[in-house]
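Here is a briefing on one protein chain. Please read it alongside the sequence and the model.

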Amino acid sequence: MPALDYTLATVTTDNEGRLSDQIARLIIKNIERNNISSGDKLPTERELSEHLSVSRVTVKTAYQLLAQQGIISSRQGSGSFVKRDEALAQQLRNEQAAHMLGGTVAALAELGITAAEMTLMFEACLAQNPKSTVRIALVFGSVEALVDVRNQLSHLPNTDISVFIMESIAHNSNPEELLRNFDIIVTPAQWYETVVKLLPTLTSRVVRAAVSQSNDTIIGLTSLQRDARIGVICRSNYFLKIVKGVLNFYGFATDEVQTLLEVDYTTKTHFPGGIDALIAFPHAHIFTNPDFQLHCEELLAKGVKIIAFDQHVEKGTFIYIEDCVHEIMAKNS
């Protein structure tokens, strides 16, 4: 179980706000700092109450608040787990940034600084601090692919990567304003035309990404019998659509593929009639949550193949993005 950094927030009656709100904020800050990640198990109510010297009822209330916000999920008999995706992480970072900026603006206003003066000061500060990183936005159809690709591109030096679900961009009232501060906007080929139409003045920044499955994923899928009974764990219908499309390409009939959302799949879950293979995205809880280790071992002992459906940008796209990063860094140096 990952250790919480308790120095990120002080939980005490001396602070303003309810103790349960303070505890919830402590958990959120640990998520923002990547001390705990998707699928990680949180301390039990008893463990956290003893460490913070508060009642278990207070901790339970904090966990309920986090669950209502969609940040964690609780499983009967198993505990509470971080229910986080990269889009939510970005939202939390944005909220933290807005809070920090709000405090700065309020302090400057007390000094009698006008909004126009603040704007000029902010622009001057930016001019004195040349851009040291290249900002990359990933716009994909599913959270599952976003995390895979983000992990792949995170190896590029001098980059700051943010992720966006295609649906959220399409329904945004001003998508250009949302993405204007990004140097590179990466989207898979099937979404390229849509993204370009949504961002007419940012077209030159949009990169059409060729996305495919890893060799391990392809080997795992093609090693299956074509009449294999297949179960899929997903977070989104778009990911499921991609999986079925690949299975169809390799000659599998997908009409009888059984699917479950990750949130509904527990260590006690069994697909009706049994399965010969279980497919899930690499960061699904069956791979990242230690509580599922025994469950997976039992499936493997029964002859069930467990396949991580890993998606990544192809080498040509990766090299092109890398070249773009170097070019932007050279201009900013």
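What share of the contacts in the protein chain with a separation of 6 or more comes from residues 24 or more positions apart? The share is 67%, where contact means heavy atoms within 4.5 Å.

This is a predicted model, in which local features need pLDDT of at least 70, side-chain atom pairs count only at pLDDT 80 or more, and totals for chains, interfaces and linings use all residues. Residues are numbered from 1 along each chain as its sequence is written, and side-chain values use heavy atoms, with hydrogens and water left out.

**Overall picture**

- The protein chain has 14 helices and 12 strands. Both are DSSP runs numbered from the N terminus: helices are H or I with at least four residues, strands are E with at least two.
- Along the principal axes, the C-alpha atoms of the protein chain fill a box of roughly 75 × 55 × 30 Å.
- Of the 333 residues in the protein chain, 44% are buried. Buried means under 20% relative accessible area, exposed means over 50%, and partly exposed is in between (1.4 Å probe, protein chains only).

**Helices α2 and α3**

- Helix α2 spans residues 45-52 and helix α3 spans residues 56-68. They pack at an angle of about 115 degrees, with their axes 8 Å apart. Axes are lines fitted to C-alpha atoms, for helices over the stretch in contact, and angles run from 0 to 180 degrees between N-to-C directions.
- The crossing of α2 past α3 is right-handed.
- From α2, E45, R46, L48 and S49 take part; they meet R56, V59, K60 and Y63 of α3.
- The residues of this contact comprise three nonpolar, one polar and four charged. Nonpolar covers Ala, Val, Leu, Ile, Met, Phe, Trp, Tyr, Cys and Pro; charged covers Asp, Glu, Lys and Arg; the others, Gly among them, are polar.
- T58 also belongs to helix α3. T58 has a relative accessible area of 16%, so it is buried.
- Beyond its neighbours within four places in sequence, T58 is in contact with L19, S20 and I23.
- T58 and D216 are 158 residues apart along the chain, and their C-alpha atoms are separated by 46 Å.

**Helix α6**

**Aromatic rings**

- The structure holds seven aromatic pairs. Rings of Phe, Tyr and Trp (its six-membered ring) pair if their centres lie within 6.5 Å; planes under 30 degrees apart are stacked, over 60 edge-to-face, and the rest tilted.
- F239 and F281 are edge-to-face, because their ring centres are 5.7 Å apart and their planes stand at 85 degrees.
- That pair links distant parts of the chain, 42 residues apart: F239 is in helix α11 (residues 237-249), F281 in the loop between β10 (277-280) and α12 (285-288).
- Both F239 and F281 are buried. Together with F309 they form one aromatic cluster.
- Y265 and F292 are stacked, at 6.4 Å centre to centre and 20 degrees between the planes.
- This pair also links distant parts of the chain, 27 residues apart: Y265 is in the loop between β9 and β10, F292 in the loop between α12 and α13 (293-301).
- Y265 is buried at a relative accessible area of 2%, and F292 is buried at 1%.

**Charges over rings**

- R135 lies over the face of F182, 4.1 Å from the ring centre.
- R208 lies over the face of Y192, also at 4.1 Å from the ring centre.
- A charge sits over a ring if NZ of Lys or CZ of Arg is within 6 Å of the ring centre and within 35 degrees of the ring normal.

**Positive phi outside glycine**

- S53 is not a glycine, yet its phi is positive, at about 60 degrees. S53 sits in the loop between α2 and α3 and is exposed, at 66% relative accessibility.
- N158 is not a glycine either, and has a positive phi of about 60 degrees. N158 lies in the loop between α6 and β4 (159-165) and is partly exposed, at 41%.

**Strand β9**

- L261 is in strand β9 (residues 258-261). At 37% relative accessibility, L261 is partly exposed.
- Leaving aside neighbours within four places in sequence, L261 is in contact with C234 and R235.
- L261 and S236 are 25 residues apart in sequence, and 7.7 Å apart from C-alpha to C-alpha.

Terms used:
A crossing is left-handed if the near helix is turned anticlockwise from the far one by less than a right angle, and right-handed if clockwise.
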